[in-house]
Amino acid sequence: MPEYICGVDLGGTKINTGIIDYNGNVLESIKVLTNAQEGAEAGINRICESILQVLKLTGLQIRDLKGIGIGSPGPLDTKKGIILYTSNLPGWGNIHIIDIIKEKLKIPVKIINDANAAALGEFLFGEGRGINNLLYVTISTGIGGGAVIGGKLYGGANSNAVEIGHMTIDINGPKCGCGNYGCFEALASGTAIARFAKNFIESGRDSQIKFLSGNEPIRAEHVFEAARNKDKLALEIIDREAFYLGVGIANLINLYNPQRIVLGGGVSNELEMFYEKMIDTIRKRALKSNVDICEIVKTKLGSDIGIIGAASQFIL
Ligand SMILES: [Zn+2]
């Protein structure tokens with residue numbers, strides 16, 4: 001009887017592959033670059049090689065695995081096992097990823113949206129244990145989400161539910177990668193933080209963000225670093241982040257009435273810097289009945305959440 005599962009966290013820049021046991025412990029994991037521009041075939045070969053490599057590290061064989069769970073950026077057709085299209089993986093449109101990996105490794109394979117995978121991982125092994133009405137929100141390059149409703153992962157009609165990054169927050173806001181304007185992720189993702197900083201600096205605002213980024217493009221990390229040094233512009237941008245996150249999360253609290261929201265993704269590592277102002281906005285904008293019952297916490301599963309969540313498809 002197989003006692004282990006392989007989880008693959010497929011991202012735009014790297015592929016994280018690991019083996020977990022049924023208690024959510026990661027035995028071994030490895031990271032390789034996705035090199036998405038080389039196309040889907042080369043990328044899927046890298047996934048298969050990573051699986052074999054990580055098995056070797058654990059001393060296990062393919063037959064010791066119950067299956068391979070993949071977490072991928074969406075939208076997907078999870079039933080057919082297809083990546084439909086995704087801006088993070090250019091050239092990977094309409095790829096029957098499950099069939100290809102099944103054919104190569106002769107083992108069951110499942111695919112799920114990466115944020116839904118993380119919600120599942122939190123529900124089974126993380127901050128969402130025992131919480132039947134749970135939301136997971138990742139704030140990173142983009143913004144994504146997953147919802148556990150009544151103890152079950154909510155997929156929607158074709159498993160593309162909870163695409164919270166693309167709910168409209170400001171009808172006159174900046175254009176989003178999806179084509180819409182003023183989406184949550186166009187205003188509150190790490191990419192949005194960096195873009196606001198770049199625009200202010202180009203318009204002549206003085207800030208140490210420019211010095212901290214040197215010759216590199218400005219990233220959200222530079223803004224947080226400057227804010228820690230009390231840089232005026234950086235602090236303004238962090239306040240703006242707190243406000244937009246607060247507006248978005250207030251909508252989610254009204255809509256889903258969750259008992260807990262778990263925040264993940266790179267920007268959430270800096271939660272302390274914007275937590276209070278974000279909560280102020282949430283309290284002003286969401287229904288008291290829904291706010292009072294909802295806790296907002298940070299993930300403790302770290303960067304392994306992607307692997308654990310993807311593999312969790314074989315546990316529920
Ligand atoms: Zn959008």
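Modeller: Two residues are in contact when heavy atoms of one lie within 4.5 Å of the other's, and by that reading Thr281 touches Ala242, Phe243, Gly246 and Val247, residues up to four places away in sequence not being counted. This is a predicted model, in which local features need pLDDT of at least 70 and side-chain atom pairs count only at pLDDT 80 or more, while totals for chains, interfaces and linings use all residues. Residues are numbered from 1 along each chain as its sequence is written, and side-chain values use heavy atoms, with hydrogens and water left out.

Colleague: Is Thr281 buried or exposed, and in which helix is Thr281 found?

Modeller: Buried means under 20% relative accessible area, exposed means over 50%, and partly exposed lies in between, with a 1.4 Å probe and protein chains only. Thr281 has a relative accessible area of 9% and is therefore buried. Its helix is α9, where helices (H or I, at least four residues) and strands (E, at least two) are DSSP runs numbered from the N terminus.

Colleague: Which residues of α3 are buried, and against which elements do they pack?

Modeller: Eleven of the twelve residues of α3 are buried, so this helix is mostly covered. Among them are Ala115, Asn116, Leu120, Glu122, Phe123 and Phe125. The buried residues of α3 pack against β7 (109-113), β8 (134-139), β9 (143-149), β10, β11 and α11 (305-311).

Colleague: How is the span of helix α3 (residues 114-125) checked?

Modeller: The expected span of a helix is 1.5 Å times one less than its number of residues. For the twelve residues of α3 that gives 16 Å, and the C-alpha atoms at its ends are 16 Å apart, which agrees.

Colleague: Which residues are the protein donors of the zinc ion, and why is their arrangement called tetrahedral?

Modeller: Donors are N, O and S atoms within 2.8 Å of the metal (3.2 Å for Na, K and Ca), and sites may look incomplete because water is not among the atoms. Here the donors are His166 through ND1 and Cys176, Cys178 and Cys183 through SG, lying 2.0 to 2.4 Å from the zinc ion. Four donors count as tetrahedral if all angles lie between 85 and 135 degrees, and the four donor atoms here subtend angles of 104 to 123°, which makes the arrangement tetrahedral. Along the chain the donors follow the spacing H-x9-C-x1-C-x4-C. His166 and Cys183, 17 residues apart, link distant parts of the chain, although both sit in the loop between β10 (152-153) and α4 (184-188). His166 is partly exposed, with a relative accessible area of 30%, whereas Cys183, at 0%, counts as buried.

Colleague: How many salt bridges does the structure hold?

Modeller: Side chains of opposite charge can pair when their charged atoms come close. A salt bridge is counted when a side-chain nitrogen of Lys or Arg lies within 4 Å of a carboxyl oxygen of Asp or Glu, and the structure holds 14 of them. One joins Arg228 to Glu270, with the closest N and O atoms 2.9 Å apart. That pair links distant parts of the chain, 42 residues apart: Arg228 lies in helix α7 (residues 220-228), and Glu270 lies in the loop between β11 (260-264) and α9 (271-285). Arg228 is partly exposed at 46% relative accessible area, while Glu270 counts as buried at 19%.

Colleague: By how much of a helical turn are Lys232 and Glu236 separated?

Modeller: Lys232 and Glu236 are four residues apart in helix α8 (residues 232-256), and so are separated by about one helical turn. Lys232 counts as exposed at 63% relative accessibility, and Glu236 is partly exposed at 33%.

Definitions and conventions
Tetrahedral: all angles 85-135°; square planar, octahedral: opposite > 155°, others 65-115°.
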